[in-house]
Amino acid sequence: MRLIRMTAIAAALLLAAFADAYADQPGKTYSDAVALYEQGMFNRAAQMFGSLGSYADAEAYSALCRLRMHSPEGGRLVEKVADSPLKDLAWFHYGVNLFADGDYAASARALDKVNGRIEKGPDAAEYLYKRGYCDYALGLYQDAERRLMKVEALAQSDYTAPSRYLVGTIKYLDRNFAEAEKWFALSGKDRRFADLSAFYIVDCRFAAKDYDYVVENGIPLLENAPAERRAHLGRVISEAYLVKGDPEKAREFLEGAQSLKKPRTRTDFFYAGSVMYALGDYEGAIENFEAMEDGDDSLAQVAAYELADSYIRTGNKIAAMASFKKASELPFVYATREDAFFNYAKLAFDLNGDTSVFKEYARIFETSGKGQQIYEYMALAALYDKDYAAALDAYSQLDELSAGQKSNYMRANYLRGRQLVEGGSYRDAVMYLKAAAFYAPRHDVLGHYARFNAADCLFRTGNVDEALSIYQDLYNLSALDNHDEGRTLAYNIAYCYLEKGRWKDAALWLDRYLSSRDLKFREDALVRRADCDFVRQKYADAVVSYGRAISEYGSPDKIYPYYRQALAYGLKGDLKSKVEVLSRVDGASPDAPMWSEAQYELARAEFERGNASSAERTFLKILSGNASREYEAGALTGLGMVCRNSGRYEDALVRYKTVVEQYADLPAARDALLAIESIYQTLGRPDAYLAYSDSVETVVKKTPEEREELYFNTIEQLYVAGRWKEVRDASLRFTDSYASSGRLRDVNFYLAESLRCLGEEEAACDCYGKVFESGAWDSFREMAALQYARISFKLERYADALAGYSELEKGAEMEQNRLEAATGVMRSAYRAREFGLAAETSARIAEQPGRKVEEVREALMVNARSNLAQSRREEALQALNRLAADPSTDEGGEACVMLVKDAFDRGDFKGVETMVYALSGKAGVRSFHLAKAYVILGDSFVSRGSVAQAKATFESIRDGYVPSGESDEVTALVRDRLNSIEKMEENEQE
Amino acid sequence: MSRNRIIAATAGLLMAFNPVSAQINTSVEVTNGYDASIPDLERGFVDMTIPDSADVFDLEFDYKVFETPYKGTSAFSPYSVRLNQNDDGGEHHRLMVKAGAGYVLRPTACLIWEPEFKDRFRMAVYGNFDGFVGNYRGINPVSLEEDGSFAGRDLYSREGVAGGWEFGKCDLDFEVAHSGIYADGGEMSGPMGAFNSIYARAAVRSAGQSKYQYGFAAAFRGGADSFDGKRIGDNAIDLDMRFGRSVIERVAVLVDGGFGLDSYSAEAAFTGYNAFITPKAVYSHGPFRVEGGLKFNISNYAGRAFLISPDIHATLSFEKARMTLYADLTGGNRSDSYSDMKDRNHFFTPVYGAPGNTAVNLAASAGIRGAVASVLKYGVGVSYENDRSKLYDGVGSIVYGRGEVFGVDANLGLRVSSVFADLRFRYNRDMGDIPAGTFSTPSVEAGIVAGFNVRRRIFLSVRLDGQTSRTARRGENVRYKVVALPGFLDLGFEAGYRFARHWTVFLKGQNMLNADIRRTPLYSEKGIGVTAGVSFVL
């Protein structure tokens with residue numbers, strides 16, 4: 001409801017009028033009242049006007065007096081004056097009242113109702129100033145400035161200085177600091193604005209980066225400044241000192257400003273953080289930078305960068321990595337972004353083994369300079385993990401290697417070569433060993449080792465000439481004299497000559513070796529020495545040489561020297577001695593190498609000596625032993641001969657026919673057929689021969705396809721019997737003879753199997769590969785895939801292994817193979833650094849029902865490591881925590897160590913302590929894992945500055961820990977750390 | 001062993017079974033052309049060892065950042081100072097002391113102190129002293145012609161405290177004062193004593209927008225005088241109230257009421273009272289507003305008397321033209337106390353008669369008032385008053401009788417920059433007879449006040465008041481059947497010069513025309529007066 005204004009007729013109501021002394025002279029009263037009004041005695045004037053009723057402008061003056069006394073009824077009072085010439089004055093003073101109350105919007109509206117003539121009157125300065133201030137308060141700086149400049153144009157008044165001050169403030173807010181300073185200099189001449197103007201001049205100079213002025217002139221102002229201004233001034237001076245490079249002074253003034261407890265803004269925290277950082281108070285820097293609100297500006301970039309460095313210095317690498325990442329994502333300062341990205345990449349690799357960030361860095365930025373460092377870091381990290389292949393891969397990206405890098409590179413090559421040699425991958429190992437030798441100084445022991453082992457690999461892979469050259473060079477250098485390698489050089493050289501058929505040279509070197517009295521290969525050397533005589537047809541010398549071997553190492557089962565000596569005797573024509581020698585191994589086991597050969601030679605020798613019965617006995621012995629088919633055929637042929645020579649033709653025919661029928665694939669069958677023909681001819685029964693010949697035609701005279709089938713079947717039978725050498729030989733013959741056979745794949749499988757069982761894994765892998773990569777999926781292919789994958793994995797050809805296992809997993813029909821394939825995929829993917837696949841597969845395996853406990857553990861560990869390599873720490877920690885539940889296992893113990901390492905990387909040193917002590921209290925923890933955990937604990941002591949405690953920890957490990965083997969790295973880790981501490985202590989003493 | 005060597009070895013083996021051997025007979029000699037090869041060459045290998053030096057790597061991880069010297073935040077954080085604007089420009093002075101004297105001696109002194117209070121309380125402590133010490137024109141009380149002069153004095157002071165609170169929803173006023181009049185007209189006035197009166201008033205009224213409006217006021221005045229050794233006492237109490245409420249939109253109801261009691265003790269002592277109640281309604285719609293009701297009065301002066309008079313006020317405003325038409329109809333009683341008489345005429349004594357009650361049957365006025373361009377203010381109106389009992393001045397007496405006056409008012413006000421002028425003009429005409437021996441209302445009363453200031457340092461104002469003569473009718477059997485108080489023009493001026501921030505010297509001129517100014521019939525200050533003085537404000 002709109003309320004009616006019920007204007008009280010105040011005069012009538014409240015008058016009880018105490019009439020003034022001159023009630024009948026209202027003019028005089030009015031004049032006196034006006035005079036009082038002009039003199040500023042508003043209260044009394046209002047009373048006097050009030051007694052005059054509506055005389056002249058008494059009502060208006062009364063209202064005006066009340067306005068001048070700042071009546072809260074100003075809004076009503078101005079309306080009362082609406083019809084009076086005092087209206088402008090009333091609005092003016094009402095506006096002034098509102099101005100004094102701080103209601104600038106209302107004040108502006110009220111002042112706008114004043115006629116413009118006021119700007120030419122006595123109140124012009126006040127009006128323009130206050131109206132201008134209203135604009136200023138409302139943010140209308142242009143209008144404010146326009147009005148205030150009018151004040152400047154008026155004569156000097158009480159409002160001149162405030163107007164100048166305000167103009168200066170407007171210029172200041174507009175960042176026109178030079179102009180602002182001029183105005184503040186003017187306003188500063190007024191005592192009322194002296195301090196404030198001086199303050200703003202300092203602020204203007206600060207904004208203009210005149211820090212010397214700020215320091216020189218700002219400090220004296222601090223003393224008398226009110227609290228809030230002191231806070232701002234203190235901060236300004238502090239910043240000036242910091243820019244001038246005096247962080248101590250900067251902190252002093254900053255603390256003074258902060259003590260005034262002003263609410264702090266984002267830039268305040270940034271600045272405080274910068275001061276702390278400059279002073280090296282990294283904890284303080286972290287606290288302040290972290291308190292900054294999130295932002296994406298240049299401040300955020302600098303803050304993130306310095307925050308990251310602060311975290312590094314306080315040991316929290318994980319937080320440092322996050323901060324570097326943030327700084328690298330902001331584009332403001334290129335150099336900062338680039339360096340932050342680089343550090344982020346280093347940390348990602350250090351903490352998680354994640355190389356993707358390095359690759360991203362290389363993609364975005366130039367790889368020269370820092371790019372080289374990337375690879376160096378990758379190499380170092382790989383060496384830490386004993387991943388020599390990765391380390392070499394990284395080093396290969398470097399254009400030039402420094403001395404230290406060369407040293408590392410040489411060692412990495414050597415160790416990589418060793419890994420491959422251990423896996424049987426000799427071909428691949430050669431390259432690394434040669435590289436190690438290349439970077440080693442000529443007389444470096446490691447270089448000699450590398451060359452020696454390279455020569456061994458070359459020899460194994462058939463590069464005899466090159467191997468020989470290296471051995472000779474080493475021999476000439478007297479390399480590795482006190483080692484097995486050096487002592488066997490002559491032996492190795494001799495073997496090279498043996499391979500090359502240079503018997504004389506071989507004999508020479510064997511003599512050298514034998515004269516060295518080295519026992520390692522003496523037995524073989526003696527035998528080979530005799531062989532050298534034999535092959536040179538120095539049978540007499542060969543007899544003696546073999547005799548030496550026999551006298552030093554002879555035993556009935558070591559048939560070879562006896563056999564060869566017998567041959568030598570035979571070739572000398574001394575059949576008696578031949579028989580005698582061979583008789584000495586008569587008691588050898590039929591499984592002994594060369595037993596068949598020896599028995600056969602014995603039988604022949606006996607036959608030649610005319611001891612047909614002994615020969616027959618010996619031939620029969622061959623048949624009852626474990627002889628190969630050739631020797632069986634030979635024995636039968638020999639028995640045929642014996643029977644024939646002794647006139648037992650039928651027996652001879654039986655023997656020969658057996659050869660023809662059962663050994664049809666061998667050349668002996670044809671010889672036997674001829675012998676049968678001869679016998680029948682001798683018996684005068686050619687028709688019998690013809691009949692027999694017809695009957696065996698299909699056996700003897702086979703088509704190429706039939707012969708091929710026969711070969712194949714033979715190979716199969718040998719395979720089933722497990723006679724690997726024969727399988728190998730026969731298969732090789734088959735593949736040579738029947739290169740386009742449809743059975744080739746199967747034969748290759750048998751060949752591969754035989755090579756595998758004979759230990760020739762590289763060749764076996766090649767053969768499996770041929771089977772696995774062709775044909776329909778059947779049992780051959782499945783087995784070939786399995787073996788291919790297994791051997792490739794063993795030879796550390798992980799990409800090939802992964803391909804094999806992947807195919808196997810897809811196509812395997814046997815459940816067992818599928819399970820193994822899955823495990824193989826996991827392992828191969830991990831070793832081939834396909835961490836995504838490894839993580840996925842391992843996660844699947846860990847949850848697969850039916851898996852053994854140890855398989856699940858392995859899968860969890862692979863999962864953890866793979867996730868770490870992808871910087872997926874949370875997933876990795878989940879897996880590690882599962883494993884750590886049982887620290888008595890290898891994986892569990894390792895997981896515990898990794899969790900401790902995670903706490904260390906996060907700078908949570910207290911957590912490290914807690915975890916390590918908790919681990920030591922658990923039953924079943926292996927000492928290896930416990931020791932590694934204590935090493936990390938020691939590292940955490942170092943990070944915290946407790947070097948003495950760290951040293952004590954390492955020493956206790958050194959003294960109390962028993963290494964579990966040659967590959968136990970704990971000893972090396974502790975030794976390195978103690979050495980570092982010693983160096984640190986020496987440096988401190990210096 | 002290489003494949004080739006395998007093959008070679010195998011070939012060697014097979015050659016053992018070649019047809020030559022198969023056809024061996026005992027007579028066949030074995031030749032020495034034996035196959036020159038060594039079967040099953042299997043070399044021994046030394047296990048690959050890792051020398052100590054192989055395991056020693058130069059491993060060092062470091063994280064370095066380059067220096068990032070602080071270069072400033074590049075963020076401008078302006079510091080804002082809120083200027084304390086709570087000043088009134090220093091123009092509300094709190095203390096004024098003014099004193100002056102001159103010739104003819106009209107001493108003047110003034111002290112005003114308005115202390116500052118933080119809340120909405122205001123107060124002024126004041127003291128004024130004015131006077132005249134000098135010669136009066138001698139006036140023949142019969143002919144009223146000037147005849148010689150006599151020495152006299154008229155000293156008047158008033159001091160008190162007045163103030164109030166503005167609470168926002170209501171205002172409170174108060175005043176406590178003392179006034180003293182010491183007038184001595186010699187033989188003309190008789191043995192006058194000093195008149196002292198005290199006055200106290202308090203009032204409260206509602207303020208601001210509200211459904212309810214109210215107001216209450218109470219005043220007391222007590223005076224003491226002596227004449228010819230006899231004491232005169234006068235006590236008056238006045239109570240007034242108002243209460244109103246908005247009923248519906250545009251309509252409100254009001255009730256005004258009042259009670260006054262006056263007790264006069266002298267030779268003719270009496271106690272009289274006045275009371276009234278006025279219920280009325282208010283209607284407002286746009287520019288039109290009317291407030292009207294009936295005033296019911298009762299008094300006991302001259303016996304109990306009832307009086308019903310209108311109380312109507314109407315206005316019609318034209319905002320754009322800044323003009324208002326008004327019309328008022330009022331009436332009612334007003335007691336005239338002894339103190340009021342003394343204020344009106346310092347030489348008043350009980351000889352003049354007993355004060356009584358003014359009863360207005362009807363007072364009507366209508367007119368127009370407005371402003372032009374915030375420079376000029378004007379007003380023109382007519383008025384009519386019909387009194388049942390009206391105070392008339394006689395020669396050395398007062399008379400109450402019927403009265404009827406018609407009047408025309410005009411006023412003009414000018415304010416331009418630091419120049420002002422106010423002109424008032426009134427024409428009166430007594431309708432009908434006035435009591436014998438009493439003076440009529442002057443036909444014309446006019447006055448003008450004008451002034452200016454230069455930069456608020458030099459002040460000058462001139463005042464000119466005047467009125468036409470007033471005549472009185474005497475009885476039939478007297479020599480002077482009609483006597484007249486002459487009309488007069490009272491010219492005065494005041495000039496001041498603020499020579500320092502707080503100091504001003506002033507010069508006042510009174511009765512510059514040396515006119516015979518008889519505001520009261522028998523007293524007229526003689527001579528031009530010039531008073532000089534100084535004032536100090538703080």
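Biologist: In this predicted model, how many residues of helix α4 (residues 58-68) of chain A are buried?

Modeller: Burial is judged by counting neighbours: a residue is buried if 20 or more other C-beta atoms lie within 10 Å of its own. By that count, 11 of the 11 residues of helix α4 of chain A are buried, so the helix is mostly covered. The buried residues include A:Tyr61, A:Leu64 and A:Leu67, together with A:Glu59, A:Arg66 and A:Arg68.

Biologist: What covers the buried residues of α4(A)?

Modeller: The cover includes four helices of chain A: α2 (26-38), α3 (42-50), α5 (74-80) and α6 (87-101). After α4(A) comes A:His70, with a positive phi near 65°.

Biologist: Which residues touch the most other members of the largest nonpolar core?

Modeller: The general idea is that in soluble globular proteins, nonpolar side chains tend to be buried together. Here the largest nonpolar core has 257 residues, and A:Ala90 and A:Ala494 touch the most other members. Helix α18 (residues 298-313) of chain A supplies the largest share of this core, 10 residues. Another core, of 87 residues, lies apart from it, and among its members are A:Leu751, A:Ala785, A:Ala846 and A:Met898.

Biologist: Which residues does A:Ala90 touch, not counting residues up to four places away in sequence?

Modeller: A:Ala90 touches A:Ala63, A:Leu64 and A:Leu67, and also A:Leu77, A:Val78 and A:Val81. A:Ala63, A:Leu64 and A:Leu67 are among the buried residues of α4(A).

Biologist: How should I read a pair of packed helices?

Modeller: Two packed helices are described by the angle between their axes and the distance between the axes. Take helix α54 (residues 927-943) and helix α55 (residues 947-960) of chain A: their axes come within 7 Å and cross at roughly 165°. Angles over 145 degrees count as roughly antiparallel, and α54(A) and α55(A) are therefore roughly antiparallel to each other. The crossing of α54(A) past α55(A) is left-handed.

Biologist: Which residues make the contact of α54(A) with α55(A)?

Modeller: On the α54(A) side they include A:Tyr934, A:Leu937, A:Gly938 and A:Phe941, and on the α55(A) side they include A:Ala950, A:Thr953, A:Phe954 and A:Ile957. By class, this contact of α54(A) with α55(A) has 10 nonpolar, 3 polar and no charged residues.

Biologist: At what angle do helix α42 (residues 704-721) and helix α43 (residues 724-737) of chain A cross?

Modeller: The axes of these two helices cross at roughly 160° and come within 9 Å. α42(A) and α43(A) are therefore roughly antiparallel to each other, and α42(A) passes α43(A) in a left-handed crossing. Among the residues that meet are A:Phe712, A:Ile715 and A:Leu718 in α42(A), and A:Glu726, A:Val727 and A:Phe734 in α43(A). The contact of α42(A) with α43(A) divides into 8 nonpolar, 2 polar and 1 charged residues.

Biologist: What should I look for in the backbone?

Modeller: Most residues other than glycine have a negative phi, and most peptide bonds are trans. A:Leu480 has a positive phi, near 55°. Its place is in the loop between α27 (464-476) and α28 (484-487) of chain A. With 22 other C-beta atoms within 10 Å, A:Leu480 is buried. In chain B, B:Asn511 has a positive phi near 45° and lies in the loop between β23 (503-510) and β24 (529-537). B:Asn511 counts as buried, with 21 C-beta neighbours inside 10 Å.

Biologist: Which peptide bond is cis?

Modeller: The bond from B:Tyr103 to B:Val104 is cis, with omega near -5°. B:Val104 is in the loop between β1 (95-103) and β2 (108-113) of chain B.

Biologist: Is A:Asp902 buried or exposed?

Modeller: A:Asp902 is buried, because 21 other C-beta atoms lie within 10 Å. The residue belongs to helix α52 (residues 890-905) of chain A. A:Asp902 and A:Arg873 are 29 residues apart in sequence, and their C-alpha atoms are 9.2 Å apart in space.

Biologist: How many helices and strands does each chain have?

Modeller: Chain A has 56 helices and 0 strands, whereas chain B has 3 helices and 24 strands. Buried residues make up 53% of the 990 residues in chain A; in chain B, 31% of the 538 residues count as buried.

Notes. Residues numbered from 1 in each chain as written. Chains lettered and ligands numbered in written order. Predicted model: local features only at pLDDT ≥ 70, side-chain atom pairs only at ≥ 80, totals over all residues. Core = buried A, V, L, I, M, F, W, Y, C linked by C-beta atoms within 7 Å. Buried ≥ 20, exposed ≤ 12 C-beta atoms within 10 Å, placed from the backbone. Contact = placed C-beta atoms within 7 Å. Axes fitted to C-alpha atoms, helices over the stretch in contact; angles between N-to-C directions. Parallel < 35°, antiparallel > 145°, perpendicular 65-115°, else oblique. Left-handed = near helix turned anticlockwise from the far one by under 90°. Nonpolar A, V, L, I, M, F, W, Y, C, P; charged D, E, K, R; others polar.
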